[in-house]
Amino acid sequence: MKQLLVIGIGAGNPDYITMQAVKALNRADVFFLMDKGQSKDSLIKLRREICERYISDPGYRFVEARSPERERGDVDYTASVDELNRAKQQTFEQMIDQQLSDGQCGAFLVWGDPALYDSTIRILQAIMASGRCAFEFEVIPGITSVQALAAQHKVPLNGIGRSVEITTGRRLAAGQVSDADSLVVMLDAEDAYRCVADPQTDIYWGAYLGTADEILISGKVGAVADEIERVRKAARAEHGWIMDTYLLRKP
């Protein structure tokens, strides 16, 4: 039987790798890497660096495939994500079928944690349900950008006895109303923090968390929104991509 490991590798700092992840890395014969284009070469480079740093036996190999891209523009978001995951499923299935032999162990290195804002687990479950490719898989948790954000800003995610909610920039921009005292926003391409009604809301913002390019800004939304937008735009232009996360807390 083929074995697969879905390994959370943290938010960008190789030191975020857990001992459980190190042990899992050393079990793998093949590492599957999804190439997302030249602008994101650093994400592939970090995965290779992690393997070089933590794997004691150099007998492993990498298999790279071009990552499908989501259709953007004036399209139905949910439908475009479903189509993207179907395309990824075909790519994953092909790699597992052609590049991994029975008895071997393959691994997907997932940014952050596989259970938060990542589709690898859902895709593997869909492949198993199709019956076209037989394997077993394990999930190894990792340190998320949410944890890294709170640690770098030196704040807890929740108030005492209060709730925390995780959402997307898309939902916040669409007017999401939440009763949570602390709102974590991920994947915000629309500067949705500007939609916050109370300018005295605290915001703790971070980009490229855990990497050498890390940027941190905090303050009242009304005071720092312009700075975040300016810095975010400049960083995206410089790197060709951006991953940012922020925490909003009611005053």
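Reader: Which ground rules apply here?
Author: It's a predicted model, so local features need pLDDT of at least 70, side-chain atom pairs count only at pLDDT 80 or more, and totals for chains, interfaces and linings use all residues. Residues are numbered from 1 along each chain as its sequence is written, and side-chain values use heavy atoms, with hydrogens and water left out.

Reader: OK, what's the strand order in the sheet with parallel pairing?
Author: β3-β2-β4-β1-β5, an open sheet of 5 strands. Strands are DSSP runs of E, at least two residues, and helices are runs of H or I, at least four, numbered from the N terminus; two strands pair if DSSP finds at least two bridges between them.

Reader: And which strands stand at the edges?
Author: β3 (61-66) and β5 (135-140); each has a single partner strand, so one side of each lacks a neighbour in the sheet.

Reader: What stands opposite I7?
Author: L109 in β4. β1 (residues 2-8) and β4 (residues 105-110) pair in the parallel sense over 6 bridges.

Reader: Which strands does α4 lie across?
Author: Helix α4 (residues 120-130) lies across β1, β4 and β5, at about 165° to β5. Contact means heavy atoms within 4.5 Å, and angles run from 0 to 180 degrees between N-to-C directions of lines fitted to C-alpha atoms, for helices over the stretch in contact.

Reader: How many bridges join β8 to β10?
Author: 6, and the two run antiparallel. I203 has L248 in β10 as its bridge partner.
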